[in-house]
Amino acid sequence: MKISVFTSALLAVLTLVSCNSTPSLQRYFVENTDNKNFIALDVSPSILNLEKTKLSAEQNEALKSFDKMNILAFKANAANQTLFETERAKVKAILKDPKYQQLMSFGSGKDGASISYVGTDDNIEEFVVFANKKESGFAVVRVLGKNMNPNNIMTLMSVLKESKIDMEQLKPLQQLIK
C-alpha cells in the first residue's frame with residue numbers, strides 16, 4: 001500500500017514537472033488579465049456590424065476565418081516605468097520563440113511595432129501585433145482564427161473600411177488613451 005501511494009505521488013510530481021513551462025502569449029494574457037496595470041479585452045467579429053448579405057464570397061470566407069481578437073494593453077506612467085520595461089521585455093522574449101514568425105517590424109529605438117503570425121502561410125492560426133511606446137505603454141493584439149491566410153487578412157482589412165465598428169466593445173481601451 002505504501003509503495004503504490006509513493007509511486008502515485010512520484011508520478012504526479014513527474015507529470016507536473018514535465019509539463020511545458022515555457023512562456024506563451026496565451027499564458028501571459030491569462031496571468032495579466034486581472035492585473036491593475038493592464039487592460040484586457042476580448043473582441044468578437046460582431047464588433048464589425050456588417051451586413052453579411054452585402055459581402056462578396058471572398059469577404060464572407062475571410063470573415064468566417066476570424067474567430068476573435070484578444071487585446072492586452074499596459075498603460076505606462078512615471079510611477080511604473082520599471083514595471084513597464086520588465087513587462088515589455090517579457091513580451092519581446094515570448095515573441096522571439098520560433099513559432100512566432102515575424103512578418104514585419106517598424107520603429108526605432110525603444111518605440112515601435114511588429115506583426116508576427118503562428119502557423120503556416122496557408123493556415124495561420126494567430127496574428128500578433130505588438131506595439132509599444134515608452135511614454136504610453138504597449139499593447140499586444142492576438143487575432144485568432146481558423147485557416148486564415150494573408151489573402152483573408154487583406155480582405156478583412158478592406159471589410160473593416162466598410163464596417164460600422166461597435167465602439168461599445170472598445171470602451172475599456174479609452175482608459176489607455178486618457
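Residues are numbered from 1 along each chain as its sequence is written. Because the model is predicted, local features need pLDDT of at least 70 and side-chain atom pairs count only at pLDDT 80 or more, while totals for chains, interfaces and linings use all residues; side-chain values use heavy atoms, without hydrogens and water.

**Exercise 1.** Work out which secondary structure elements the protein chain has and in what pattern they follow.

*Solution.* Begin with the count, which is 6 helices and 6 strands, where helices (H or I, at least four residues) and strands (E, at least two) are DSSP runs numbered from the N terminus. Then read along the sequence, which gives α-α-β-α-β-α-β-β-β-β-α-α.

**Exercise 2.** Find which residues have the most contacts inside the largest nonpolar core, and which elements contribute to this core.

*Solution.* A nonpolar core is a set of buried Ala, Val, Leu, Ile, Met, Phe, Trp, Tyr and Cys residues joined through side-chain atoms within 4.5 Å, and buried means under 20% relative accessible area, exposed over 50%, and partly exposed in between (1.4 Å probe, protein chains only). The largest core has 18 residues, and those with the most contacts inside it are Leu-50, Leu-63, Phe-127, Val-143 and Met-148. Two or more residues each come from strands S1 (38-43), S2 (66-75), S5 and S6 (137-148) and from helix H5 (150-162). Apart from this core lies another, of 17 residues, including Phe-84 and Val-128.

**Exercise 3.** Decide whether Glu-126 is buried or exposed, and find what its side chain meets.

*Solution.* Glu-126 lies in strand S5 (residues 124-133), and its relative accessible area of 8% makes it buried. Its side chain is joined to that of Arg-142 by a polar contact of 2.7 Å, meaning a pair of N or O atoms within 3.5 Å; within protein, one must be able to donate a hydrogen and the other to accept it, and residues adjacent in sequence count only if both atoms are side-chain atoms.
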